[in-house]
There are 2 protein chains.
Amino acid sequence: MTTDGRRATIADVAREAGVSTSTASVVFSGKVNVADATRERVLAAAESLGYAGPDPRAASLRTGRSGIVGVLLGGELRHAFLDPVTTVMMDGLADALADDSVGLLLLRDDPREGEAPPIADAPVDAVVLIGCSTRIRPALDAVRRRGLPVVVIEGDAGADFPQVTLNNREASAEIAEHLFQLGHRNVATITLPLAEDRSRLALTEERVAAATVDVALDRLAGFRHVYPDAPGVSSAGSLVDEGIHSARMLLADADGRLRDDRPTAIVAQSDLLAVGAIRAAEELGLRVPDDLSVVGFDGISADGLGSQRLTTIAQPALAKGRAAGEQISRMLAGEPGESVHFTCTFRAGETTASPPRDVADRVTPQPRGR
Amino acid sequence: MTTDGRRATIADVAREAGVSTSTASVVFSGKVNVADATRERVLAAAESLGYAGPDPRAASLRTGRSGIVGVLLGGELRHAFLDPVTTVMMDGLADALADDSVGLLLLRDDPREGEAPPIADAPVDAVVLIGCSTRIRPALDAVRRRGLPVVVIEGDAGADFPQVTLNNREASAEIAEHLFQLGHRNVATITLPLAEDRSRLALTEERVAAATVDVALDRLAGFRHVYPDAPGVSSAGSLVDEGIHSARMLLADADGRLRDDRPTAIVAQSDLLAVGAIRAAEELGLRVPDDLSVVGFDGISADGLGSQRLTTIAQPALAKGRAAGEQISRMLAGEPGESVHFTCTFRAGETTASPPRDVADRVTPQPRGR
DNA sequence: TTGTACGCGTTATCAA
DNA sequence: TTGATAACGCGTACAA
């Protein structure tokens, strides 16, 4: 604190120490050698004035760097924290950027009409877009105008931007094929939210046409490649609870009684949804996989399943985050960023089996003993 | 972009539009009325120059505000993402700060010797410390020197700083008392990590004396108030897996056989640890709660438990985060911050019962039929 | 090894 | 409603 009550600046420190401001500055940045005696004097002066070190705002204006990478998350921040895939990706991201000792600035991408996206006035050196919907244009435009390095994780950004992608469609087809091989012909799906509004609804062509979330659409497309006419429910979020409610819609009537035309297998677009589906099935008295097969997507270590291992298709979430971080790191170093593509791995568990014997009778009642 | 290749500044825009820089500035900040015609001209000029809007760094230098609140997390960032209590607190924090439209800057508090804590050169307007150990001094000093508003969530910060606290000690005693009432006399505990090094070890007085994590110590103290001489294990983290490994240490020998002197109840310092303990017990052939009672701490909706509801003591994690956010918000508005204290609520579940009948025989073999 | 001088891009103040 | 001007606090060529 200076005598007149202002917060001390580096100029005050320099004056107190009897050196120039540049010398004082250099003492703190450590980029140039300074005589020990001089350094001591400067540090002593700083101490006596209660100088807190260079103001990061001013330093950042001068250097053009803030040491912050913005992470733009689609939807609520809370949602991001609750989704294991997102948190694991963030983990990989933080890991890859640790060497650059940058902080991660969490920003919500809520494209309110007429307002500038929050990314527009955040002092960031680069931006990562995670799980944003197709409506990322405004944010992307803002970032491009500012000339910031950017990486998009699973969002339709066009070829202009480095992206981290996943073979959602092929992977979904693969796991659907697994069920087909087992003999399932009456299969339903529970999708991730299809649009911003995140409402739980039966799938209709209208709703699919109005969907904006690429990940959900791609996974649905893969599924439909194998089961073109299958029914489904779009969930309101990747949560166990949502899986429970959605599965109930598929398995039971409004009064909670099992439907005769219920599917023999459920394809959930996330492991959490799958866990919920399994729980709903158990509550309805169905055994998994004997009465109902369930598969998930993601390959997170899904808690909540007892000791049963979920059949799923695993995505390399950690690697995705890390790849994004590495690209950011490169771009901050002036090199061009590249897109990186990842593929999923089928992982057999204990939640799928052939459909129950009596299913033919159940679905389309036929004379017995034929 | 200006003709000479520089990025356009507001001065360029003003010149192009034939107005002063202050007018141009005001057009973007919107704080003063500007004639429509003038605004149009300025915006058109900005458009033609590809001006991306005011540079947040410069604006922040001038206004002294960055619109960023730093969140200092103890330990790895990944850890923070994996801990449901932390994520829920972050959720509440984000919620309470949403109106101020600030971003959250995630920072790791790793006090490396000799280096300034990262918070020292982050352009933040305020700081929240979450789950930091007793070694928060350097960070706290740095924050104080910079005169930043700060709130400490569950950390020993002294009376100088607004804090959000929890009655860890009393709550722990309460849930231990619950077990005592049920008749348990041979009880063991699994604690949160006691120190930075996060190693899984049997509790010894030495290790407790060397502990640095207040939360773990407070919960242990409450437990010991009821069970002064109980054995225990300090886990390496609040994770299901850690609960499994720790519980095995308490229940079985190195060769995996149940110990005769095993406890009839386990007090875990977090729900995740408790879930792990239950799983370990099941793997060892023990039924919960018939053969072993298990209690947790936190009251998160612990997945991974099947349909069994965990007996635990619930903390208002969301409210804690929100309270921290509200205090920050107040302090940013110039009002003084206050400390807020929260208490936990006992929540009976299905994982506790009276100790098994044969326990007296087992622990201290006695002549039957007495 | 140290000092001088300038500019980074913006916004607040005040006057017109 | 607009304009001129002065900070904001620092880093860095360049010269000494």
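**Domains and a DNA strand**

Let's start with chain A, which splits into domain 1 (10-46), domain 2 (59-166 + 316-343) and domain 3 (168-315 + 347-362), with bounds from an automatic or database domain assignment. This is a predicted model, where local features need pLDDT of at least 70, side-chain atom pairs count only at pLDDT 80 or more, and totals for chains, interfaces and linings use all residues. Residues are numbered from 1 along each chain as its sequence is written, chains are lettered from A and ligands numbered from 1 in the order in which they are written, and side-chain values use heavy atoms, leaving out hydrogens and water.

Now look at where domain 2 of chain A meets domain 3 of chain A. Their centres, taken over C-alpha atoms, are 30 Å apart. Here 16 residues of domain 2 are in contact with 17 residues of domain 3 (contact means heavy atoms within 4.5 Å). Between these two domains there are four residue pairs in polar contact, both at pLDDT 80 or more; a polar contact is a pair of N or O atoms within 3.5 Å, and within protein one must be able to donate a hydrogen and the other to accept it, while residues adjacent in sequence count only if both atoms are side-chain atoms.

Next, find DNA strand D. It has 21 residues around it, and the closest are Ile10(A), Tyr51(A), Arg62(A), Thr23(B) and Thr38(B) (a residue is near if one of its heavy atoms lies within 4 Å). Over on chain B, Arg62(B) has a polar side-chain atom 2.9 Å from a base nitrogen of DNA strand D.
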